[in-house]
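Thank you all for coming, and please have the display open while I talk.

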Amino acid sequence: MEFSRRGLRVVPSTVPLSTSTATAAQRLDSGNIHALSSRLQKAKERFRVVSPMFRYRIFALRETYCWHIVNLKNPPSKNSIARTTTGYVGSLVQWEDIHLEAQIQAVLYALRMVKQGLSYITLGKAGVEGSVELEDILEDLPPLSGLLPSFMELRGFAKKEKIEVSQVVSYVMQFEEAENRFEDGGNTGTTEKSA
């Protein structure tokens with residue numbers, strides 16, 4: 001049951017929920033699963049020396065940046081990418097940073113949901129081609145509490161892990177995949193967001 005506001009009234013509406021793992025599996029497309037697996041694997045290989053928290057945040061930054069490029073939106077600036085990677089050292093938080101952090105968190109939350117959904121799909125033997133591979137790649141995905149540090153905590157983690165901001169920025173801003181990534185109108189995995 002959901003509730004929505006209609007004028008001054010709050011009105012209940014029934015939302016049908018499916019409990020079938022086969023239905024969930026039918027909504028997944030093996031092409032999307034393979035594309036997401038490939039992008040996650042590339043990030044894992046490129047940033048294998050950093051913690052999973054940073055690796056997934058960098059992945060989310062890249063997904064967000066590519067979404068902006070593909071959808072002809074202004075992409076995040078280098079400075080905003082740097083600030084959301086290493087925290088804030090004496091600079092004020094900008095609105096651009098707040099929006100970028102929200103989009104990063106949306107991607108990370110979506111990855112957690114994908115991981116949870118995959119565990120049910122593969123358990124129910126109604127899996128989609130590539131779902132076991134994607135579940136294996138997401139094996140080291142930390143819980144949300146470990147993925148979403150405060151800006152102050154982020155600064156401490158970045159110093160401890162000696163994150164190279166220039167390497168992260170160059171990775172995030174690569175365009176080689178952006179043009180071909182969303183051939184079906186931007187609907188592949190976790191990159192779907194609203195501006």
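Let me begin with a term that we need throughout: a residue is called buried when its relative accessible area is under 20%, exposed when that area is over 50%, and partly exposed in between, using a 1.4 Å probe and counting protein chains only. What you see is a predicted model, in which local features need pLDDT of at least 70 and side-chain atom pairs count only at pLDDT 80 or more, while totals for chains, interfaces and linings use all residues. Residues are numbered from 1 along each chain as its sequence is written, and side-chain values use heavy atoms, with hydrogens and water left out.

First, the overall layout. The protein chain has 10 helices and two strands, where helices (H or I, at least four residues) and strands (E, at least two) are DSSP runs numbered from the N terminus. Along the sequence the pattern reads β-β-α-α-α-α-α-α-α-α-α-α, and of the 195 residues 39% count as buried.

Now to the surface. Val10 is found in strand E2, residues 9-13, and Val10 is exposed, because its relative accessible area is 53%. Together with Met1 and Phe3, Val10 makes a nonpolar surface patch of about 370 Å². Such patches are made of residues with over 30% relative accessible area and no salt bridge, with like charges joined within 9 Å and nonpolar side chains (Val, Leu, Ile, Met, Phe, Trp, Tyr) within 5 Å. The accessible areas themselves come from the Shrake-Rupley method with a 1.4 Å probe, and for residues only the protein chains shown count as cover.

Let us turn to the salt bridges, each of which is a side-chain nitrogen of Lys or Arg within 4 Å of a carboxyl oxygen of Asp or Glu. How many salt bridges does this rule give? The count comes to five. In one of them, the side chains of Arg39 and Glu63 meet at 2.8 Å, N to O. Arg39 lies in helix H2 (residues 30-46) and Glu63 in helix H3 (residues 52-70), so this pair ties together parts that are 24 residues apart in sequence. Both Arg39 and Glu63 are buried.

Asp140 takes part in two further pairs that I would like to show. The side chain of Lys44 meets that of Asp140 in a salt bridge of 3.6 Å, N to O, and this pair links distant parts of the chain, with Lys44 in helix H2 and Asp140 in the loop between helix H6 (131-137) and helix H7 (144-147), 96 residues apart. The side chain of Arg55 also meets that of Asp140 in a salt bridge, at 2.3 Å, N to O. Since Arg55 lies in helix H3 and Asp140 in the loop between H6 and H7, the pair ties together parts that are 85 residues apart in sequence.

On a 1 Å grid over the protein atoms alone, a cavity is a set of points where a 1.4 Å probe fits but cannot get out, and lining residues have an atom within 4 Å of a point. A search of the whole structure finds one cavity of 30 Å³ or more, and the largest cavity has a volume of about 40 Å³, the volume being the space filled by probe spheres set on the points, which are joined across faces, edges and corners. Which residues line the largest cavity? They are Leu40, Ala43, Lys44, Arg55, Tyr56, Phe59 and Ile137, and the elements that give two or more residues to this lining are H2 and H3.

Finally, here is a loop residue to look at with care. Leu72 lies in the loop between H3 and H4 and has a positive phi of about 55 degrees, although it is not a glycine. Most residues other than glycine have a negative phi. At 79% relative accessibility, Leu72 counts as exposed.

Technical notes: 1 Å grid on protein atoms, 1.4 Å probe; cavity = no way out; pocket = protein on both sides within 12 Å on 5 of 7 lines; lining within 4 Å.
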